[in-house]
Amino acid sequence: MATHQPGPPHRHRARVPLRWRACPPRWPVLAAVLLGSFATSSVFDHDEFANPSHTPALQLLSPRHDARLPAGQDVRVVFAAPKGALVRILLDREEVARVSGAKYALLPASLFPRGTRLLQAELVDALGGGSPRDAAVLHFCECGQPSKAAAAAASALSISDGLETCGSREKALPALENPLEPGQRYMHSEELERFGRWAGELEAGYTTDWLGVRTRYAWDCVVAARGYYAFVPSRRLACEEYDRGMRDMMEQGLAPLPLDSLPMDLRERARRAPVPPEAAAPRPRVEGFLPPLDDEYPEIVAMLRSVIRSRGNHFVVVELGASYGTWGARGVAAARRLYPMATSHFVGVEPARHRFRQMEQHMLSNNMENTTLLHAIISSSSPPAHAGVGYATHRPPVMTLHALLAPHDHVDYLDLDIQGQEKDVFSDPASVEAVNEKVYALHIGAHSPEIHEELRSLFLSDGWILEMDYPHTPRMEYCDSQVQPGEARFEGDAGAFLQRDRSCLVQTEQGPTYVRDGILSFFNDRFGHLYDLSDVEAGS
C-alpha cells in the first residue's frame, strides 16, 4: 500500500497583474496562440492529475508469450490486475475461468492438448472500467529430445518447427542496436535474454517496453523540451516506435483515441477527419520496445542482475531521485516476469511534487500495489543546504538514508540519481553503515568527477565489488551542445538526436555511447553467496 508524506502547506506568490496596454499589439495575439496550445496539448495540461491519467490494464505474467510447455500438465496463469478486479481467462477465445481477488488461476491439463493455443486474460470490471486485455501464444509439446540425426538435418535445412522440446527457451532477442553505429550489430547482454520479450496490443497513450512496463507517452516524448528525448536514445526511440504505430493506424482508417495519444503532427489531421469511436477497437499486435545502447543500458543490466540474484525471494528495490519511478517499476516488472509467484516491494523517493504525483500514477498504471512512495529529500542532515531550491511552494520533508532503510531487513537494489547530493548522503556514517549491512547491489549516477572518485574509493575500501565504472563527462556543457538532431526523416519529424562529437563518447562492451553522469555499479561482497549467476535457471 502506498504511503505519502505531505510537505508543508502551499505558499502562494503574490499575483502580479499583466499590463496588456503596455504591450505591442502582437503580444495579445501571441498569448492567445500560446494559451490555445496549452489548452489542446496534454503535454502542458495543467489539469493532468484531475483528469483520468491512467487506464486500468491487465498484464499477463506467466506463461510468457511464445512459451514452450509440456502437454498434459496443469498450467498456472499468473497476472497483474487492478485491485479488486474481476478477470476472465480465455483459451482459444473461449472462457475457461473467472478469477476475483486473486492473482493467478490454475487451469487443468485437460484443456491443453498438444499444439498451439491462444491464452487471453481480460478485465471484466476494474474500477468501473471496460475490458483491457493481454494475450500470449503458447506452444504445448511432447517431452523428449529429438534425435541427433533429426536435429542435424533440421539445422542444415534451417528448419526448427516440430523440434521444440519441453522447457526450451523463448526465441532469442534480436541484435542490440547502437544508434551511433547503425551498421554494427551486437548481442544483447545475457541478463536481458533471460527475461524474453513482452508482446501485446499497441495501446493509445502508452509506450510499452520489453518487460511490459506501460509509460505515459507525454512524459518522455516531448520533442521541444529535449530532456530525456534528446539525451537518452532509448526514450526517444521508444517514442518513435509508438509514433510509427499510430501513423499505421491512421493510414488504416483507425482513430487512436484520445487525440492526445497522437504525435503532435497527426493531431490536427485527426481532428479534420474524425473516425467513429467504434473503429478504434482493433489494435495491432506489437512487441515491447527493446532498449538500444545508451547510458541507461548499463543501468538496465545492473537492475536485471539484482532481480536474477533474488532467486525468487522477496525482492526490494529502492530508488532515490525516482522521477516517476522508472527503475522501481522496471525492477518490479522484471521480478514478477522472472519469478511470477514471488513478492516485491518498491520504495520510491522523489522531491519534485509533479514527478512524485506521476510516480503514484505510474504505479497504478502497472498494477504495482506493494509500494512506499515518499515526497521527500534524502540528506545527511535536516535541513540540507539545498532543501529549498526549486521547491518554493512544495518544499518536501527531509530524511536520512539510514532512516529510510530502517524498516527493511534487506534491499536487493538501491538506485541513486540525486543530482549532485550523493556525497552529502554518504557523508552520514549511519547511512553508510546501513547500506553496508542491508544493500546487496548499489547503482549510483555520479554528477561530478570528484563525486565519482570519492564514492568509488569509499565503497571499494568498504569491500564492495565494482561491476561497472564509466566516468562522469567533464565537458558536459560542451558535449551536451553537440547532441543535435539530424535531417527530418518524415513529415513532422525532429530528426534523430545523436552525439555528433566522437571525443565525447566512451567505449563499452557493446560499442561507443555518450555517458553524461558517471556510472558506478557495485555488489556487496558481504552477500557473496548471491553473487554467482551461473547457478540461477532462466525464468519460464
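In α8, the residues E299, I300, M303, L304, V307 and I308 meet W327, R330, G331, A334, A335 and L338 of α9. A contact here means heavy atoms within 4.5 Å. The residues of this α8–α9 contact divide into 9 nonpolar, 1 polar and 2 charged. Nonpolar covers Ala, Val, Leu, Ile, Met, Phe, Trp, Tyr, Cys and Pro; charged covers Asp, Glu, Lys and Arg; the others, Gly among them, are polar.

This is a predicted model: local features need pLDDT of at least 70, side-chain atom pairs count only at pLDDT 80 or more, and totals for chains, interfaces and linings use all residues. Residues are numbered from 1 along each chain as its sequence is written, and side-chain values use heavy atoms, with hydrogens and water left out.

**The helix pair**

Helix α8 spans residues 297–309, and helix α9 spans residues 326–338. Helices (H or I, at least four residues) and strands (E, at least two) are DSSP runs, numbered from the N terminus. The axes of α8 and α9 lie 9 Å apart, at an angle of about 45°. Axes are lines fitted to C-alpha atoms, for helices over the stretch in contact, and angles run from 0 to 180 degrees between N-to-C directions. The two helices are therefore oblique to each other. Angles under 35 degrees count as roughly parallel, over 145 as roughly antiparallel, 65 to 115 as roughly perpendicular, and the rest as oblique. The crossing of α8 past α9 is right-handed.

**Two sheets**

Two strands pair if DSSP finds at least two bridges between them. The table sets out two open sheets.

| Strand order | Strands | Pairing |
|---|---|---|
| β1-β3-β6 | 3 strands | antiparallel |

The twist averages 30° from one strand to the next. Strand β3 (residues 75–80) runs antiparallel to β1, and 3 bridges join them. Q59 has A80 in β3 as its bridge partner.

Strand β14 (residues 344–349) runs parallel to β15, with 4 bridges between them. V349 has L374 in β15 as its bridge partner.

**Backbone exceptions**

Most residues other than glycine have a negative phi, and most peptide bonds are trans. The bond between S62 and P63 is cis, with omega about 0°. P63 sits in the loop between β1 and β2 (67–70). S323 is not a glycine, yet its phi is positive, near 55°. S323 lies in the loop between β13 (315–320) and α9.

**Confidence**

The mean pLDDT, the predictor's confidence in each residue from 0 to 100, is 78 for this protein, and 72% of its residues reach 70 or more. Over residues 144–168 pLDDT is below 50. Residues 385–392 also stay under 50. Where pLDDT is low, the predicted coordinates should not be read in detail.

Note on methods
Left-handed = near helix turned anticlockwise from the far one by under 90°.
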